[in-house]
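Trainee: I would like to learn how to read a model like this one. Please take me through it feature by feature.

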Amino acid sequence: MNQLSLLRGAPYVINDHIAIRQPTIGEIVQYGEQDYLQLVSNLTATSYDLRFQLDDMGFRYEDIEDFTVFCMMSQMMEKKHTSILFGDLDFSKFTVEYDDESQPFLTDKEQAIVIDKIIYELIASYLRQIHGLKRNFKIAGNEMARRFYMQEERRILEEKIKNNTEPFGSLYAPLVTALVNCGESKYTYETIWDLQIYPFMEAIKQTQKLINYKNLMLGIYTGNVDMKGIPKADLTWIGQ
């Protein structure tokens, strides 16, 4: 996952059968932002994300690998839903098989395509990187703490679902508005839709860093900010 390739928006080619493309902001709008975010969430989900469902089924989420979750989720996805990321790859045609060491893998026998744990990790890592996500996983320190937070988090979630009457709030709309209306950005409402997701997210971070840098320099030059103790990374607007 070379950063220049990510910024260029080139597809991430895993093998001869699997390549992940970067959709543009405009394509995400056409697909439906809420559905797109759910798709990415399903493809990168961990057992912690499904801890309540697994608990209801009698499983401890700590004992379930991410790849097992991926096998469950991906097989329920039709090509028309995943094509925005995977083109012609059809997850619904995959079945779970086991190798000689009883390790699971997904296979589309008709197309001779295999997705094992290593390939899954490449897929999940890439999707998280281009969308600015981190792997979501937590483990309690002991069994008592586990029971407490499972009960408390379940209560909070159920209450949130019960009281949630607000419509879906866009994640990307405020970022689009900010980037277009920021004086440091050259994008307009006409041009920003062709920007692919990773360059878009990086443009947001870099613009924010530039603004913070300029404010910091102004504070230093006016004597309102002491340079002592300021991290070196904050003294440049280039980089992460």
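Trainee: Where does A112 lie?

Mentor: Helices (H or I, at least four residues) and strands (E, at least two) are DSSP runs, numbered from the N terminus. A112 lies in the loop between β4 and β5 (113-115). This is a predicted model: local features need pLDDT of at least 70, side-chain atom pairs count only at pLDDT 80 or more, and totals for chains, interfaces and linings use all residues. Residues are numbered from 1 along each chain as its sequence is written, and side-chain values use heavy atoms, with hydrogens and water left out.

Trainee: Is A112 buried or exposed?

Mentor: Buried means under 20% relative accessible area, exposed over 50%, and partly exposed in between (1.4 Å probe, protein chains only). A112 has 57% relative accessibility, so it counts as exposed. Its phi is near 55 degrees, a positive value in a residue other than glycine. S102 also has a positive phi, near 65 degrees. S102 sits in the loop between β3 (95-98) and β4 (104-108). At 54% relative accessibility, S102 counts as exposed.

Trainee: How many helices and strands are in the protein chain?

Mentor: Ten helices and five strands. Of its 240 residues, 38% count as buried.

Trainee: Which residues have the most contacts inside the largest nonpolar core?

Mentor: The general idea comes before the case. In soluble globular proteins, nonpolar side chains tend to be buried together. A nonpolar core is a set of buried Ala, Val, Leu, Ile, Met, Phe, Trp, Tyr and Cys residues joined through side-chain atoms within 4.5 Å. Here the largest one has 55 residues, and L85, I115 and F200 have the most contacts inside it. Helix α7 (residues 117-131) gives the largest share of this core, seven residues.

Trainee: What is F200 in contact with, leaving aside neighbours within four places in sequence?

Mentor: Contact means heavy atoms within 4.5 Å. With those neighbours left aside, F200 is in contact with I25, Y172, L175, V176, L179, I192 and L195.

Trainee: How many disulfides does the structure hold?

Mentor: A disulfide is a covalent bond between the sulfur atoms of two cysteines. The cut-off is a pair of cysteine sulfur atoms within 2.5 Å. The structure holds zero. C71 counts as buried because its relative accessibility is 5%. C182, at 15%, counts as buried too.

Trainee: Where is Y189 found?

Mentor: In the loop between α9 (172-181) and α10 (197-221). Y189 has 39% relative accessibility, so it counts as partly exposed.
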